[in-house]
Amino acid sequence: MKPNPGGNLSLNDIVGRERLVAYLQTTLVQQSVLLVAERRTGKTHVLEKFKADAPADWVVIKRDIGAVRNAKEFVEYVMADLYPHLEAKTNFRHWLGSMGEQLGGAQIGPVKLPNFAAKNWKQILSDAVAHLEENKDITRLVFLWDELPWMLDIITKNNPQEAMELLDTLRALRQHHGSKLRMVFTGSLGLHHVVRSLKEQGYNNTPVNDMLAVEVEPLAKKDATDLVQRLLTDSQFAVTDESLHGHLAQAVDYIPFYIHHVVSALLKNPSLDKLALDIQAIDDVITNGITSSDNPWDLQHYEERTLAYYGKQRAHCLALLDVVASCKTTISLNDAVKRAKAEHPTIEQQQWLELTRLLERDHYFKRNKEGALRFKFNVVRRWWLWHRNLSIVNNGDAV
Amino acid sequence: MNEKLTKISGTNARVKKSLYLSHFTPSMMPPETLEAMLVQREPLLTRCLSNVLESLRTGSRHHTLFVGPRGIGKTHLISLLHHRLSQTKEAQSKALVAWMREEEWGVTSFFELVLRILRTLDARYPELRIEALTATVYDLPLQEAEKKAESILLQLLADKCLVVLLENLDDLFEQIGDQGQKAWRAFIQNHANTILVCTTPSLFAGVSLQKSAFYGFFDVEQLTELSFEDVVNLLEKIAIEREDKTLAIYIKTPEGRARIRAVHHLAEGNPRIYIIFAQFLTQESLDDLVQAFMHTLDELTPYYQARIKELSGQQRKILEYLINHAGAAPVKQIAKACFITQQVCSSQLRQLRLKRYVRVIEQGRESYYELCEPLMRLCMDVKKQRGEPVSLLVEMLRIWYTEDQLTNWLKQPKEDFSLSISYIQRALELQKKQNLEPEVAAVLKDLLASNGAYESNPLMLEFLRLKTKNSLARELQSIVRLHFETMQPIDSMSDQDVAEATQLAIKMIKSTLQDSPTSIAAYKSLSIWLRVSLRLFKRDEHQANLLFTAVMPEIYRFPAAFSVAILTVMMAQKTPNPDWLLAILSAHPSGFASKEVNSVVARVTRIANAFKALEVEKDITNLLSLPKEERVLMEILTNGIFQK
């Protein structure tokens, strides 16, 4: 296996996702799923593996819809994706023929669609899905829609009403075809940000409250360590200190993207002795990833996006982030708020609690069972400390 | 060298084989020539090819992005990758390769990109009859045409992969915009049959920001400048490729290497400049060379002008300063010259760094900034010269030819010689004006850039072996020889030579102190001389005392440097013994018993004892009892000396 930071991995090379895929399968028997994670955590690879491992009587359709510009185009893709699974059904062909003229319809891959221009996209979508009910061979139809929030974002910019209707239509379809139809939404942009933007324009519904949010977490410690070992071995690195594998995995929070990155960077270093790889060389690469002016991991993003995410509360958010980043280990919620409040004394306790919740949702914080806070990702915390020139404090004192 | 010049400029100066070296489009050069001229980048190219082949054999897909400034050799790499890839069975049976040539874009959407890919494939694989397939696309409404074009591409690919080799991805991304990027990404993700190998002069938002569609998508390969040895290698390869044995041999001689080093300082590791420079070596008509050079700069100038226009007024001012300054400059100096505060200057420099106009060099606590792309300076230089000879070309002529050779050249009657005459005359003027020979100056510049690591630097030997008529250079050589005499004598110096060299060194110390702009520069120099003087005690106590006396009153202004210098000498003996130092100090006629010296001696004694305990008795108690800064000092010293 070669390091492949950012590229598409073959199924055999997607490691440590078996439990999550199994969990998704179990969950999808019951309900649809909102798959959430930071960028480059491996959401798309999870979808690939899920699709490959799905039961034979499930129809799983995966599509990146991030560049779709309107609801009609979206429905065209859905139709094109459904077509191979329904074309044998006589009534489907008749129905499709009744939809419009063959001339002038879009060709998506090998599928030539009729011209839907005169029809309502909602009706077409509903009818197409309804035909599935009649197919007894299909136990379940699962749509894996990658980058759905980007699509909604594009539609919202041109026609917010259509974006609202699309979200509502998809929810209605899930309700009406609850026995067979499942959807998995995922994407680089948090769906809640799109919904918030729609709410600002008068949208009052909760379009995904029937879906279970499932987070793609980093790999388990063992899986990440095994991945490091496999990558280093296959790249002909000789490692005498076995603890090095775990050290690398832990230093990049067990995230496969960063693991691939570090091994790739080691391979590119012409002055590195491959027969004597040591922890220092690994730490150098990681430190460079965090502090280099080239900013290869764009950790600046974690600060910049607070402006869009938290608006007027940004200053409070930064204060809270500074407090938690500065703590040597974890800090209780009360202590964190108390320290942040020293900078912003007029902010109510309830607002701090809400802000903490949002920061947890947006992958900054993680809370343990006792409710104590820490940064979710060590890499982000290291960058935060470095970038904002913070000192680590212990029991209120600089150390 | 005279023989060489005769060969070049006279009737016998025929090279056995002509060689077409393109400045801008290496893709037009024969692959064999490109292979022959590949230096430094072989591991990178092998890695990239191996990744593409793995992508063709397995389900994984590697996407590579070569990053490096203009002229660094990106097109050369892509051309070679294309050549090597085309030879493989995998590419022949499992891929369609679309090699999108540099700067051919008129593409403003993903749809147009697909059409361009189809057109490129059509030229490469006429048997696929792509033109006929795409004819209907142009009759469709836009949204349908988009999908139809994608469908045709998918149909052509069937179970093959599309390998796209593409130059200037940054420009393309800017033109196709956010929507186009998302559409392209969706195509790649939905069909998993595309492999990208792209280039860009610098990383840009479209691939490096988390909010971008292609964030973290590419395996980034930074192309570094050619080192001096790479350049020697490159020029030698060009000479061999031209079957010019005399030149190939000359390049390896100390004189040839010294001259190349001098040119290296002008070209700053940019391969495109060396490709142009390579024509100096065999060019029969200097006029052709000058014109070729000017043409290259002319082609590039609008690009750099456009880039400069994108900047704010303050940023332009800073950039202009750096263009004129011809080197790296600290923030303070730039701010002063541009009449802005240091804070504003730092902030603007940060922006310029992010946009890849400048790069930063950390020197101690100070940050120096310089232009990322040396070609930018050259192009702006042409604009500034207004008909006057371009300084880079003049410098190169001056370095490569001797005064006699240039004078002889001028005497040769030739027609239409006006352009080159002005260059030769200017080069001659400069040669007469300059005291120090350029090759000697180049070695010295590299020595200075080695940040104080003079003593074990092979360049010192190179410098000693240079033949120079310049009296200053000869004095410097004498001092360097003294340096070696105290470590590993090369050719043993006589007592008189040592005495003369010591006098010169003392003279030099005084002038260094007068000329050093910063304390850092002064203490670096002083600590070296202190080390030399301490080592000289073994060889010639009298001369050592003279040198020591010259250094001591100055060096204890810098107690840390003083300590490090003494400890370095002691550690090198592997038996650190502070008594030896105390003996020197107490025996010294000037009686260095000042408070500062005592404090340094106390510190050195503490560290030496701790070190002895650690080495001999394996006891770290003493070490831990040292103040933190002394522990750090000891750590540096032990790493620096004993690990060697």
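A disulfide here is a pair of cysteine sulfur atoms within 2.5 Å, and a search of the whole structure finds zero of them over all chains.

A word on the ground rules: this is a predicted model, where local features need pLDDT of at least 70, side-chain atom pairs count only at pLDDT 80 or more, and totals for chains, interfaces and linings use all residues. Residues are numbered from 1 along each chain as its sequence is written, chains are lettered from A and ligands numbered from 1 in the order in which they are written, and side-chain values use heavy atoms, with hydrogens and water left out.

| Residue | Relative accessible area |
|---|---|
| Cys48(B) | 1% |
| Cys372(B) | 13% |
| Val184(A) | 1% |

Now to the place where the chains meet. Contact means heavy atoms within 4.5 Å, and by that rule 41 residues of chain B touch 44 residues of chain A. Buried area is the accessible area (1.4 Å probe) that two parts lose on being put together, summed over both; between chain B and chain A this comes to about 3800 Å², with carbon and sulfur atoms giving 40%. Lys147(B), Gln210(B) and Tyr215(B) supply 19% of the area that chain B buries against chain A, more than any other three residues.

Charges also meet across this boundary. With a salt bridge taken as a side-chain nitrogen of Lys or Arg within 4 Å of a carboxyl oxygen of Asp or Glu, the count between chain B and chain A is six. Lys268(A) pairs in this way with Asp219(B), their closest N and O atoms being 2.5 Å apart.

Leaving aside residues up to four places away in sequence, Val184(A) touches Leu28(A), Val33(A), Leu35(A), Leu47(A), Val142(A), Phe143(A), Leu144(A) and Trp145(A). Of these neighbours, take Leu144(A): Val184(A) and Leu144(A) are 40 residues apart in sequence and 4.8 Å apart in space, C-alpha to C-alpha.

How values were computed. Buried < 20%, exposed > 50% of the residue type's maximum accessible area, 1.4 Å probe, protein only.
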